Protein chains: 2
Amino acid sequence: MTGPSKPTKITSKAIAQDFLDSYDTFLFDCDGVLWLGKHLLPKIVETLDLLSSSGKKTYFVTNNSTKSRAAYSKKFASFGIMVDPEQIFTSGYASALHVRDVLKLVPGQDKIWVFGESGITEELKLMGYESLGCDDPRLDEPFDISESPFFTEPLDPAVKCVIAGLDTRVNYHRLAASLRYLQQPEVTFVATNIDSTFPNKGFILPGAGSTIESLACASGREPAACGKPNLNMLNAIVTAEHLERSKTCMVGDRLNTDIRFGVDGKLGGTLLVLTGIETEERATDATGDYALPKFFANKLGDLYELTQEES
Amino acid sequence: MTGPSKPTKITSKAIAQDFLDSYDTFLFDCDGVLWLGKHLLPKIVETLDLLSSSGKKTYFVTNNSTKSRAAYSKKFASFGIMVDPEQIFTSGYASALHVRDVLKLVPGQDKIWVFGESGITEELKLMGYESLGCDDPRLDEPFDISESPFFTEPLDPAVKCVIAGLDTRVNYHRLAASLRYLQQPEVTFVATNIDSTFPNKGFILPGAGSTIESLACASGREPAACGKPNLNMLNAIVTAEHLERSKTCMVGDRLNTDIRFGVDGKLGGTLLVLTGIETEERATDATGDYALPKFFANKLGDLYELTQEES
């Protein structure tokens, strides 16, 4: 009996070429893989151009729900990377797909209460769903139960789902009003993603998962989570884009979300890059309680640099 | 082998008198027992006067951490009940006692970061401790990691503890700054109480426990909880007031906090009143997964009314 083979480090032209030849589709995590905060990592544009000119399909998969796919494609453009919104899958979009394809809510009729930012509501709107909550300026007012329209007025019976995601405008008013909808058993509870934290400028900040945990605790309910590593997200991409799993490779910087996402989703390959939070030691430690990648590399740009070397 | 005896309902002068004769000290939960929101329940003043004129000691135990004991005694006065701040134990005070007596932090030297309201900081100040966070108006500003003094400036190394409690001014700035302290292993994490919700004007609102859960999730840490039903709180009262447990009775309206608090704390008696959230059915259901009270009554004022009946 043999266990899974040891991860292969991409360190030569031959290995890089073999890796590229094995897949026709690449799914990329973004932060920590393509860029770090506002800084593009080395040889990213060149690597993506290489894939594109080799006829590979590329998709970008992010747990960031604060931006819509359209807004996210502008972020790519700011780095000089031209990406179609259709190549992008955010956890906000995955949540909207869940509402449409799993919950089968009816556009123009059923409504969604959003505890989160416009990256969720814009995707819902594109599918014809009306959102409540989110940017409503009345939620920015200090909470007064006798004055808040979200308590003095009845609940909207058309609301069939609460989607919760990262919202840096979190306040007691938003939490209390969202909880009121979550107390209705017929209202489904959906989370964009459950990352407890995320890195920013050298600090670790509270993630979507931490505020969602607050709503889960108060309501006594567990949400259906849509982002990585949840397979709802991968299944949505595979179905929408008719991908062949065995010919698809997930590229990311986190073992417990990105690589797990690819392994659990039975993709043909996984590539861990060490430009994010993981180390070579962890990437090759078979005694850890996490899935190991099939390949790993110091940086994504190594694919370009190695394949340009003279033989 | 016999199980615990069935709860006795206080329905006659004889039972009421027997109950009163069994204890020399009574600990009261407040909301749901003495008052409901802003409405005093019937015959409360008379019942407390009866206890006082019979030489009984009375204490008031609340998980509300937003008010100090001094502020809480004013609330009693507004109902016409004269209570000394020393008779009151709030979860904010219990947290301050924990800092002093268990963590043994040094007043005038060690500092405490407070995610919560002034009911915590005022009690800390009375013990000589300096608090950070809490009412600092800079925390009311929208969060900007490049501008926030809580991120552009180094952490205060004198901070040795984070106390978290209910704060209806919760926002991302407070969560992120509190998390930064919680990422320091030498900083202890204390929670005033872990109630996930609380009732207000017919609604169920997010409680201290729900926002604390958010910090616990983001930091990957579990706090030491000080409020009911945690015995830290009862032990603090018993020690401070030299109470004899067998002669002490806990009176409350919640089985899973108040009655459990008395039972786990091995007090001589427990009295459940049905003016809060519990029903007679639940109070006498021996198949439930909660501790039953020794006594129960429709309302606390029955003690006064029954003992005034002519024999």
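Helices (H or I, at least four residues) and strands (E, at least two) are taken here as DSSP runs, numbered from the N terminus. This is a predicted model, in which local features need pLDDT of at least 70 and side-chain atom pairs count only at pLDDT 80 or more, while totals for chains, interfaces and linings use all residues. Residues are numbered from 1 along each chain as its sequence is written, chains are lettered from A and ligands numbered from 1 in the order in which they are written, and side-chain values use heavy atoms, with hydrogens and water left out.

Chain A is divided into domain 1, made of residues 8-63 and 244-308, and domain 2, residues 92-225, with bounds that come from an automatic or database domain assignment. The C-alpha centres of these two domains of chain A lie 32 Å apart.

The "binding site" annotation in the unreviewed UniProt entry covers D29(A), D31(A) and D253(A); UniProt positions are given in the numbering used here, feature names are shortened, and annotations may be inferred rather than shown by experiment. Although these residues span 225 residues in sequence, no two of their C-alpha atoms are more than 8.3 Å apart, so they gather at one spot. D29(A), D31(A) and D253(A) are also included in the lining of the second largest pocket (on a 1 Å grid over the protein atoms alone, a pocket is an open set of points with protein on both sides within 12 Å along at least five of seven lines, and lining residues have an atom within 4 Å of a point).

Within this group, D253(A) is found in the loop between strand 14 (248-252) and helix 10 (255-264) of chain A, and with 4% relative accessibility it counts as buried (buried means under 20% relative accessible area, exposed over 50%, and partly exposed in between, with a 1.4 Å probe and protein chains only). Leaving aside neighbours within four places in sequence, D253(A) is in contact (heavy atoms within 4.5 Å) with residues including D29(A), D31(A), D258(A) and E278(A).

D29(A), for its part, sits in the loop between strand 2 (25-28) and strand 3 (35-36) of chain A and is likewise counted as buried, at 7% relative accessibility. Beyond its neighbours within four places in sequence, D29(A) is in contact with residues among them K228(A), D253(A) and D258(A). The side chains of D29(A) and K228(A) are joined by a polar contact of 2.8 Å (a pair of N or O atoms within 3.5 Å; within protein, one must be able to donate a hydrogen and the other to accept it, and residues adjacent in sequence count only if both atoms are side-chain atoms).

Side chains of opposite charge can pair when their charged atoms come close. Over all chains, a search of the whole structure finds 32 salt bridges, each a side-chain nitrogen of Lys or Arg within 4 Å of a carboxyl oxygen of Asp or Glu. E278(A), one of the contacts of D253(A), meets R282(A) in a salt bridge of 2.7 Å, N to O; E278(A) is buried at 6%, whereas R282(A) is partly exposed at 34%. Elsewhere in chain A, D135(A), D140(A), D167(A), R169(A) and R174(A) are linked in a network of salt bridges.

In chain B, the side chains of D258(B) and K228(B) meet in a salt bridge of 2.8 Å, N to O. D258(B) lies in helix 10 (residues 255-264) and K228(B) in the loop between strand 13 (224-225) and helix 9 (231-241) of chain B, so the pair ties together parts that are 30 residues apart in sequence.

Notes:
1 Å grid on protein atoms, 1.4 Å probe; cavity = no way out; pocket = protein on both sides within 12 Å on 5 of 7 lines; lining within 4 Å.
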